Amino acid sequence: MAMAYIEPAPIKDKENPLESMMSRFDAAARMLGISDEMYDILKVPARQVIVGLPVTMDNGAIRVFEGYRVIHSNILGPAKGGIRLDPGVNLDEVRALAAWMTWKCAVVDIPYGGAKGGIACNPREMSAGEIERLIRQYTVAMLDVIGPDRDIPAPDMGTGPREMAWIVDEYSKSKGMTINNVVTGKPLVLGGSLGRTEATGRGVTVAALSAMDKLRMNPYRATAAIQGFGNVGSFAAELLHERGVTVVAISDISGGYYNPKGIDITAAMSYRNANNGTLDGFSGAEKITNEELLSLAVDVLVPAAKEDVITDENAGSIQAKMIVEGANGPTSASADEIINSKGILVVPDILANAGGVTVSYFEWVQNRIGYKWTLDRINRRADRVMKDAFDRVFETSQRFQVPMRLAAYIVAIDKVASTYKYRGGY
């Protein structure tokens with residue numbers, strides 16, 4: 001079973017995701033002492049678009065869907081962000097995701113602003129033909145919004161290379177020529193990049209190894225537990241194992257699997273791929289719960305499944321020396337203080353899972369120059385970007401005496417605010 005890359009997203013607050021993102025933004029802004037004027041500039045999205053999308057369904061009926069595209073910032077370059085298909089998509093969620101993408105691109109120092117898009121629909125209840133007509137309608141509605149020098153969509157929840165190919169086709173027809181750099185996350189034959197599928201898991205690995213270096217931890221004597229064995233978790237497990245780390249526990253929706261001597265990650269990935277994408281029944285380890293996995297006495301804990309798995313209720317039982325967030329907002333705000341008080345180093349999601357958008361940037365660059373890089377070159381350059389970003393955030397955390405999460409926001413906001421100041425014009 002092929003694992004599709006999905007651009008990670010921040011914690012999805014059940015009441016208001018925009019407020020969730022803004023709480024961390026506010027703390028970093030206070031630390032930087034930015035002016036009220038600059039605060040307002042950074043807070044308000046540059047552009048918000050809502051469209052109605054009439055689509056002929058397979059039964060002949062016409063149904064109108066609501067679509068969104070928010071460009072939070074394009075001061076650093078064209079906006080970048082995925083398109084998600086989900087029944088719960090709303091403007092506040094898309095605004096939060098767009099702002100988060102601004103900070104994420106700034107943290108890894110790539111020349112993108114932040115954007116996000118979404119269509120309120122349930123793709124699981126739609127045929128491939130209905131989804132194609134919907135995506136093409138969305139593309140036509142956004143022709144004056146998206147573009148390789150303006151706003152570059154990518155896959156997200158409910159979308160993948162197939163949907164990106166449809167966007168390329170529809171956009172190219174409107175321009176009378178093939179323009180494949182209007183999106184990233186495309187199939188390889190349409191200009192997609194090598195290394196993109198495993199990019200987020202690889203970035204998590206680089207972040208983990210960088211943190212281990214700071215803690216003077218020998219990878220060949222270290223243990224790790226990976227919660228979540230999808231695209232991000234499985235590649236992170238495989239790459240950590242290759243670097244000498246003993247992965248003693250993995251998990252997915254079927255539960256956790258623990259082997260103190262180390263799990264055969266290659267065998268686990270092969271089993272999952274042959275077992276409808278699940279580890280259910282995997283015999284290479286003892287069965288435990290996902291909650292038990294989080295409290296194992298390991299050196300590295302990688303939550304790579306979903307948001308809010310580490311909360312104020314279980315944070316006190318975590319024994320890992322470091323947490324590297326491969327998932328989207330796996331640590332709730334209420335757990336942060338407990339984790340920090342225990343002296344656990346946390347590499348936040350805004351940094352740890354930025355390997356995906358980094359290779360998305362590489363895909364766009366390759367499309368622009370009309371030349372494909374080798375996988376080795378992509379990996380070397382992506383590793384360097386992640387390592388440099390980690391070092392910047394770690395140095396900032398030391399200078400301001402704050403946790404890595406807050407330091408990542410400080411790095412990002414300072415970059416964007418400084419760019420506004422230099423450009424002026426307002």
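**View 1. Thr200 is buried and sits in helix 6.** Its relative accessible area is 0%. Buried means under 20% relative accessible area, exposed over 50%, and partly exposed in between, with a 1.4 Å probe and protein chains only. Helices are DSSP runs of H or I with at least four residues, strands are runs of E with at least two, and both are numbered from the N terminus. The model is predicted: local features need pLDDT of at least 70, side-chain atom pairs count only at pLDDT 80 or more, and totals for chains, interfaces and linings use all residues. Residues are numbered from 1 along each chain as its sequence is written, and side-chain values use heavy atoms, with hydrogens and water left out.

**View 2. Thr200 and Asn231 are listed by UniProt, in an unreviewed entry, under "binding site".** They are spread over 32 residues of sequence but cluster in space, with a largest C-alpha distance of 8.1 Å. UniProt positions follow the numbering used here, feature names are shortened, and annotations may be inferred rather than shown by experiment. Asn231 lies in helix 7, residues 231-242. Asn231 is buried, at 9% relative accessibility. A polar atom of the Asn231 side chain lies 2.9 Å from the backbone oxygen of Thr197.

**View 3. Lys80, Lys104 and Ser360 also carry the "binding site" label in the unreviewed UniProt entry.** These residues span 281 residues in sequence, yet no two of their C-alpha atoms are more than 12.8 Å apart, so they gather at one spot. Lys80 belongs to strand 3, residues 79-85. Ser360 belongs to helix 12, residues 355-369. Lys80 is buried at 2% relative accessibility, and Ser360 is buried at 1%. The Ser360 side chain makes a polar contact of 2.7 Å with the side chain of Arg196. A polar contact is a pair of N or O atoms within 3.5 Å; within protein, one must be able to donate a hydrogen and the other to accept it, and residues adjacent in sequence count only if both atoms are side-chain atoms.

View 4. Thr184 lies in the loop between helix 5 (161-175) and helix 6. Thr184 is buried, with a relative accessible area of 0%. What does Thr184 touch, not counting residues up to four places away in sequence? Its partners include Lys80, Arg196 and Ser360, together with Ile152, Pro153, Met164 and Trp364. Here contact means heavy atoms within 4.5 Å.

**View 5. Cys105 is buried in helix 3.** Its relative accessibility is 0%. Not counting residues up to four places away in sequence, Cys105 touches Lys80, Ile110, Tyr112, Gly113 and Val357. Gly262 is 157 residues from Cys105 along the chain, and their C-alpha atoms are separated by 35 Å.

**View 6. Ile226 is buried in strand 6.** Relative accessibility is 0% for Ile226. Leaving aside neighbours within four places in sequence, Ile226 is in contact with residues including Gly233, Ala237, Leu240, Val247, Leu293 and Val302. Ala304 is 78 residues from Ile226 in sequence and 6.8 Å away in space, C-alpha to C-alpha.

View 7. Asp109 lies between helix 3 (91-107) and strand 4 (113-119). Arg216 lies between helix 6 (199-214) and strand 6 (223-227). Exposed or partly exposed? Asp109 is partly exposed, with a relative accessible area of 42%; Arg216 is exposed, at 78%.

**View 8. Helix 13 packs on helix 14.** Helix 13 covers residues 375-400 and helix 14 covers residues 404-423. Their axes are 8 Å apart, at an angle of about 110°. That makes the pair roughly perpendicular. Angles under 35 degrees count as roughly parallel, over 145 as roughly antiparallel, 65 to 115 as roughly perpendicular and the rest as oblique. Axes are lines fitted to C-alpha atoms, for helices over the stretch in contact, and angles run from 0 to 180 degrees between N-to-C directions. From helix 13, the residues that meet helix 14 include Phe390, Arg392, Phe394 and Phe400. Helix 14 contributes Met404, Ala407, Ala408, Ile410 and Val411. The contact residues divide into 9 nonpolar, 2 polar and 1 charged. Ala, Val, Leu, Ile, Met, Phe, Trp, Tyr, Cys and Pro count as nonpolar, Asp, Glu, Lys and Arg as charged, and the others, Gly among them, as polar.
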